[in-house]
Amino acid sequence: MKFELRTGPLVSILLFIVFTFSRSEHVFSQSRVRGKVINIKDKKVIAFANITVGGTKRKAMSDASGNFTLTLNGFMANDSIFISSVGYKSLKLPVRDAIFKDEFGLDEEAREMQPVILYSKEEAIGSGSEITGYFRAWNPRKTGGEIGKIFHVDHNNYRLERVRFKVNNRCDTCLVRLHIREVVDEQPGEEILYDSISTFVNRLAFDDKFSEFDLRPYNLVLKKKNVFVGLEVLNCSKRDGEPCSICFIGTEHGSYIYKSNTNSAWEEYTDYSIYLKFFYKY
């Protein structure tokens with residue numbers, strides 16, 4: 001005797017509901033999202049974009065070529081992945097959709113057009129002494145942590161020129177990113193920079209010369225009198241593969257503000273400060 005399964009409209013609807021429910025509730029045990037973050041407008045890669053999933057500490061960062069890999073162990077299909085980068089609108093999409101994509105496009109944030117102003121006088125604020133007196137050990141692996149200081153600029157309109165800092169770097173190469181944030185209730189707030197600005201720091205001893213971000217090509221004009229200038233270590237490497245260390249150098253008594261990783265609260269430490277100098281024109 002031969003049996004044949006027939007499905008009517010009601011059975012088909014029930015099967016669709018069961019399939020959809022099971023798909024949205026599926027738990028990933030070993031899956032990964034791999035892809036490239038690009039600018040939707042010109043298809044150029046977006047380096048050092050932040051990728052997180054499910055509102056947790058599970059995160060990744062795109063490399064210099066825009067590529068990233070994010071593991072999904074323990075996450076549900078209807079959890080969301082967030083991709084963000086300074087100067088772009090954040091992208092949010094469900095895990096169940098992200099695992100089938102290999103490119104993730106971000107839209108640029110609209111920039112406010114600045115009036116043409118002649119900036120002729122340069123001023124520097126921040127650390128005065130160049131002589132090493134203190135150091136603050138830092139994690140050489142990318143954690144999303146930042147360390148920096150609040151600067152008060154006594155002008156209503158100014159253009160950023162350079163940011164100078166000092167490190168003791170026992171790694172062969174470290175990549176350090178600059179952050180400039182607004183200040184809210186004496187704490188670092190939202191990012192002001194539209195561009196991801198980073199610099200490579202080679203091996204340096206305690207009393208070697210400073211390192212510097214050259215901001216002149218970016219034409220960064222600010223109107224906020226109080227800003228937080230912070231530094232983030234993205235990656236450090238040593239040719240022989242052995243562990244290495246990086247420290248931020250301090251030259252004067254004072255304070256600094258830091259957080260150890262992306263989701264940490266900001267903390268202020270007062271005793272000695274880190275060497276940080278802020279150059280601008282007005």
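This is a predicted model: local features need pLDDT of at least 70, side-chain atom pairs count only at pLDDT 80 or more; totals for chains, interfaces and linings use all residues.

The link of Cys171 and Cys244 is right-handed, with 95° about the S-S bond, and both cysteines are buried.

A disulfide is also formed by Cys174 and Cys236, with sulfur atoms 2.0 Å apart. Cys174 is in strand β12 and Cys236 in strand β17, so this pair ties together parts 62 residues apart in sequence. The torsion about the S-S bond of Cys174 and Cys236 is about 115°, and the disulfide is therefore right-handed. Cys174 has a relative accessible area of 0% and is buried; Cys236 is buried as well, at 13%.

The count comes to two disulfides, and, with bonded cysteines counted along the chain, their pattern is 1-4, 2-3. Cys247 takes part in no disulfide: the nearest cysteine sulfur, that of Cys171, is 9.7 Å away. With 8% relative accessibility, Cys247 counts as buried.

Strands β12 (167–184) and β17 (226–237) each supply at least two residues to the lining of the second largest pocket, whose volume is about 240 Å³. Of its 14 lining residues, the closest to the centre are Phe48, Asp63, Leu175, Leu234 and Asn235. Strand β17 gives the largest share of this lining, four residues. By class, the lining of the second largest pocket comprises eight nonpolar, four polar and two charged residues.

Conventions: Residues are numbered from 1 along each chain as its sequence is written. Side-chain values use heavy atoms; hydrogens and water are left out. On a 1 Å grid over the protein atoms alone, a cavity is a set of points where a 1.4 Å probe fits but cannot get out, and a pocket is an open set with protein on both sides within 12 Å along at least five of seven lines; lining residues have an atom within 4 Å of a point. Grid points are joined across faces, edges and corners, and a volume is the space filled by probe spheres set on the points. Ala, Val, Leu, Ile, Met, Phe, Trp, Tyr, Cys and Pro count as nonpolar, Asp, Glu, Lys and Arg as charged, and the others, Gly among them, as polar. A disulfide is a pair of cysteine sulfur atoms within 2.5 Å. Buried means under 20% relative accessible area, exposed over 50%, partly exposed in between (1.4 Å probe, protein chains only).
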